[in-house]
There are 4 protein chains.
Amino acid sequence: MKRRKVCVVITARPSYARIKTALLAIKGHSSLKLQLVLAGSALLDRYGNASKIIENDGFKVNRKVFNILEGDTSISMAKSTGLAIIELSSVFESLKPDVVITIADRFETIATSIAASYQNIPLAHIQGGEVTGNIDEKVRHANTKLADIHLVATESARQRVIKLGEREETVFKTGCPSMDIAREVFDNSNFKFDPILKYGGVGREIDLTDGYLVVLQHPVTTEFEKSKEQILITLQAIMELDIPTFWFWPNVDAGSDGTSKGIRYMRENNDLSKIHFFKNLEPEDFLRLLKKSNCLIGNSSAGIRECAFLGVPVVNIGSRQNERERAINVISVAHDKNEIKKAILKQLSNGHYESNLLYGDGYAGQKIANTLATCELNHNKTITY
Amino acid sequence: MKRRKVCVVITARPSYARIKTALLAIKGHSSLKLQLVLAGSALLDRYGNASKIIENDGFKVNRKVFNILEGDTSISMAKSTGLAIIELSSVFESLKPDVVITIADRFETIATSIAASYQNIPLAHIQGGEVTGNIDEKVRHANTKLADIHLVATESARQRVIKLGEREETVFKTGCPSMDIAREVFDNSNFKFDPILKYGGVGREIDLTDGYLVVLQHPVTTEFEKSKEQILITLQAIMELDIPTFWFWPNVDAGSDGTSKGIRYMRENNDLSKIHFFKNLEPEDFLRLLKKSNCLIGNSSAGIRECAFLGVPVVNIGSRQNERERAINVISVAHDKNEIKKAILKQLSNGHYESNLLYGDGYAGQKIANTLATCELNHNKTITY
Amino acid sequence: MKRRKVCVVITARPSYARIKTALLAIKGHSSLKLQLVLAGSALLDRYGNASKIIENDGFKVNRKVFNILEGDTSISMAKSTGLAIIELSSVFESLKPDVVITIADRFETIATSIAASYQNIPLAHIQGGEVTGNIDEKVRHANTKLADIHLVATESARQRVIKLGEREETVFKTGCPSMDIAREVFDNSNFKFDPILKYGGVGREIDLTDGYLVVLQHPVTTEFEKSKEQILITLQAIMELDIPTFWFWPNVDAGSDGTSKGIRYMRENNDLSKIHFFKNLEPEDFLRLLKKSNCLIGNSSAGIRECAFLGVPVVNIGSRQNERERAINVISVAHDKNEIKKAILKQLSNGHYESNLLYGDGYAGQKIANTLATCELNHNKTITY
Amino acid sequence: MKRRKVCVVITARPSYARIKTALLAIKGHSSLKLQLVLAGSALLDRYGNASKIIENDGFKVNRKVFNILEGDTSISMAKSTGLAIIELSSVFESLKPDVVITIADRFETIATSIAASYQNIPLAHIQGGEVTGNIDEKVRHANTKLADIHLVATESARQRVIKLGEREETVFKTGCPSMDIAREVFDNSNFKFDPILKYGGVGREIDLTDGYLVVLQHPVTTEFEKSKEQILITLQAIMELDIPTFWFWPNVDAGSDGTSKGIRYMRENNDLSKIHFFKNLEPEDFLRLLKKSNCLIGNSSAGIRECAFLGVPVVNIGSRQNERERAINVISVAHDKNEIKKAILKQLSNGHYESNLLYGDGYAGQKIANTLATCELNHNKTITY
């Protein structure tokens, strides 16, 4: 039997973490053939060049699409998406996949959806049905309406995709592949790993013997003029707590220039001797770092998702994860220095939580591969009501 | 008070008919300022250059976006959409509208939605919530998920948009503006008008004293290799009936080259003395022609919509309008010569039907303008469930 | 030794004829590896889809770039070029050629030049140094200034490229590969071939026993509103002569829609019983048809180039080939019906001419391959004065 | 008489300095109407957002074109150019200029040339005929071959453009408009101005009483992997000299990320207490700073051009200005720390030079406006030999 060609388009570092175990399972499946396309910030040094990590992990990259426009404005998001459609159309025409996979809700993921669906290639969407607010949510549900197959992470996501008018038999609850990595990290908690030794980063060596915090705060695209101010509030809270901290650079989005400027500004005007900055870690290493941390602070979805599985306490700041389903490990606060400090202290006194399987049981990658190998591939659909 | 700038993007001749009375009402509204952008096949001679008609109607065109790629393939649909996003992003950045309007479900309408929503400009979608099947429907519902304001035509469309998770107070049932033109034509049935004198077209003069048929058959994009074959079946049916017929060239889409070739092929190999071909008529004139016709044949949405209001009998062929809500004036048939002939004969013996207000009462344009002048303009939303 | 990867970009049917024997020689050369990219009208059915011919000739196509915008306007030429740069950049990044070849002077050839030179890939230009007037000439000389290696057809072209400031050792006079095909056709004049049987075309069967004419008239882009009028003048002249004629559809360019319309208009209003229309022939077949014809009429460069080698009489109309070097087989006339008729009659009474080697001795393909295998590959240069 | 619409496209901060007085003269000319388009890095904060300066100077910006792709690679240069062609084509179609001006030799300037010339709009090129080596020179001469009118800075540039086959009557020696600003600065040497007070910049306050150095070193695009290393050599030389220095961030180009990284790296690992970093100054202020400086170091063309007029000593490093005509104020050295130090010390002991008019007498802007108001506007040309 001819193997189904599954073309996965990865457009950012965080998306790789959310698909990696599925890539491995697709690559290893006897009925499937993996085609891998990298685009967007996944190719850019400034955002941690996921492409090197992916190639180091043994994946062959079939095509690279450079499509991100410069500029700290929302117009670059729109234009980058247009450019991606143009080039991904050619990529799909050349690779002739049997099914294309688009991941989650980043602005440029709709480019994958349009390039595939307009060329009548069946489209599978990973992580549909979740609720986040903002432009991300518009994109996510638009992806759902363009997609033919839905590989969702949670039960409530499955219900929501069905409510959106998709046929129940095209919606598969697989869990999120990022939980697979979380499970492996969880199962190997004794693994030794020194992040500064391996990745360098920026800032002085810090003493981790009494535990540490992790911060990852993305700009919120619909409020991007405020992103600098918001990042400074968080920095101030962390500085006042005076606890060793690993701080991660945000990924590409309108506003990210503002965030970087904020960090640079702080570093030039303050003594940040207890903060160490990283641009990027391999997904496993990031989770290892989280697993051993005392608390994750910011607005990363990792706080809502992986940390639920890992049982790591989270202080979630601001509106970015507003609507996302969460377990009890998360305390949500506004962009307010005192609220942030208070919540961190509360989490520190609570310590780690029980593992929660809300976003998957840790075997999503294999389930996704099996679904893609056996499901009906069709590009015609109509709403169910 | 500052007038709201309403930017309408028209990408095809049929879309102009569906928005014209709203344009007039927006232009005439004391709280609104109209910005008009033409793109896609609306600018192309080959598809009837709607731009000339629109300028003749007294509208000022603020920007023109040439974005359609050549080629009888679905890849050109995808790339044309990408190109439209890139250029419309610049257009919106330059015109700085308070609200952008995207119309219905053509492939390139999602470009308007993306360019506006990614730049945080409130997006209003006309004709959401309808059901058609095919890529059109994917695009239509994706537009709904990207849009903030929904100006729908029918009650069932309103229900469907709400089911898609949109807040009820953002969904406005205005009816379809094309019904406004239908109403005017209906109210002035005595208007004298000779289409061949006014538009020329291709083919010999035909005798209309005993009535005539109108044919408009678009290629179906997800089956575009079959479009030539399908058009030849319809042509054969019409030829065998030997009744005077006006035949309209289809609009741009993957497959339209095939249709044109089919028509040319037929004209070279057959005696089509009773068929007169047109590329395009002004919307009013097209409806005048329909109003006086004995039957509309093909797969045009005008058969489902305007003809309901006008009471004109319709033979709807194939899957293109499969799921669209319809009144009793429509008989649906497969791409089968004998079925088509039989249905036409049945409609001829039935004669015209009662006017039906399913798609609007003929005052949609004014309702749309009033809604845009008074509704809350917001670009942040989240699903209701 | 590692074989040099030679990437050839073909953007139109006529360009294939001008490079075919070089492709064969590159493919067969032990030190070279051929990479073939098709773009522009070479992929479009409407312009004779050269891609099918090329694949039938046994070449593997590495990438296809759909980039031509619709529309009978010069804006589509500019935008199609921009789109080609974007996509060819990705193609070169993916194929990693050691040298890229751009051919002649069509508007989109500068896209190949920019995509290669901006990525520091050595660029070879075929057919630099010729003089034609119009935008073509601007493009041709701009290509020369972007190119590192110059493979020219004639001695005067060689002199001109050197005068343009290129180093003499980078300019190679190889002759034009289209002469190689002309030589093969010339050497096999007895080959039997029935064009209507093989290609069909449009129009009635015509009697060729007393010889025939061939017409190929392209629109002139800087005067594209006149293209319809000019084509009608030529048609009128041919009709009045009442001699069997093969008429070829022009290639894509601003104005080509006008030409097609003109032909259609004539066919509907005149008795063209002695004219047979073709859209495209394989290069060899086109030359076979020319070789046996009594005269070529129009503004094709084949009249100036291949017909010199073949000794076929030519009536060259208008400004398109104004400045191009020519042999004695050509009579040049204005767009004037009587001048055209008079010149054709003069050529008919003269009959065929001696073969002239102005544009090459028929072994250009091999010379080009040998040059590419041995020349220095460098992307840095400076003007010589 | 109808005023000629002159559309100037500015794509980078340095280009503004080279055209500003011409803009003023065009704006003030009774026979001309200025249309201003900003694109490329002229719109980006990261490169000093020239757009704000331009608007502060009282110019109305007709259109903005965001076209720069992210990434420290040459592919982004190529794609950004393609994107600019697409959008500038629409801009010219909308603004309908009588003549378009493209400036100098940056990679994206050819986009202006193609968008204008392909649409048959007469194209004027500023600063043709100069020699620089590298991709810049390829672009510059390709611009010349696409342009119809040539507004050159020096006599040798005039000779070179004519040798390139341009008709003598289309080549106008006006001098470079940047000399006009240099002349004004020179004539007002007593003007008081504190750059740190006005612009801030990065780094501590420095003591300027004994004079200071200025450094501006751009990455060299065809060697962009070396750009970090080269910048570190220069930094090392400057640090060892231990003289107060103003250091300017380079403009956008493949490699500029590397340069910024280098600067950041140095700042984190060294005591740069005598270096103050700026991203951008208004053109006049930059010249004021130069005028009072003891020496300019780096590879900026300002060293070759404005500093000739101002008599400022220059140490020119590396290949970037290799071929450019220069006066006696320039000492050229390799990327070698000791050579650089030695040359700076020699310049410091020499002091300022006599003013030299090689690049213009300081009245270029008015000459350019007068030429555009009176020259023949034509888009058809042919090579002169």
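Trainee: How many residue pairs are in polar contact between chain C and chain B, with both at pLDDT 80 or more?
Mentor: This is a predicted model, where local features need pLDDT of at least 70, side-chain atom pairs count only at pLDDT 80 or more, and totals for chains, interfaces and linings use all residues. Residues count from 1 along each chain as its sequence is written, chains are lettered from A and ligands numbered from 1 in the order written, and side-chain values use heavy atoms, without hydrogens and water. A polar contact is an N or O pair within 3.5 Å; within protein, one must be able to donate a hydrogen and the other to accept it, and sequence neighbours count only if both atoms are side-chain atoms. Between chain C and chain B, the count is six.

Trainee: Which residue forms a salt bridge with B:Lys79?
Mentor: We want a Lys or Arg side-chain nitrogen within 4 Å of an Asp or Glu carboxyl oxygen, and chains C and B have two such bridges. For B:Lys79 the closest N and O atoms are 2.4 Å apart, and the partner is C:Glu87.

Trainee: Which three residues supply more than any other three of the area that chain C buries against chain B?
Mentor: Buried area is the accessible area (1.4 Å probe) lost on putting the two parts together, summed over both; here that's about 1,700 Å², 55% of it from carbon and sulfur atoms. The trio supplies 36% of chain C's share: C:Phe66, C:Glu70 and C:Lys79.
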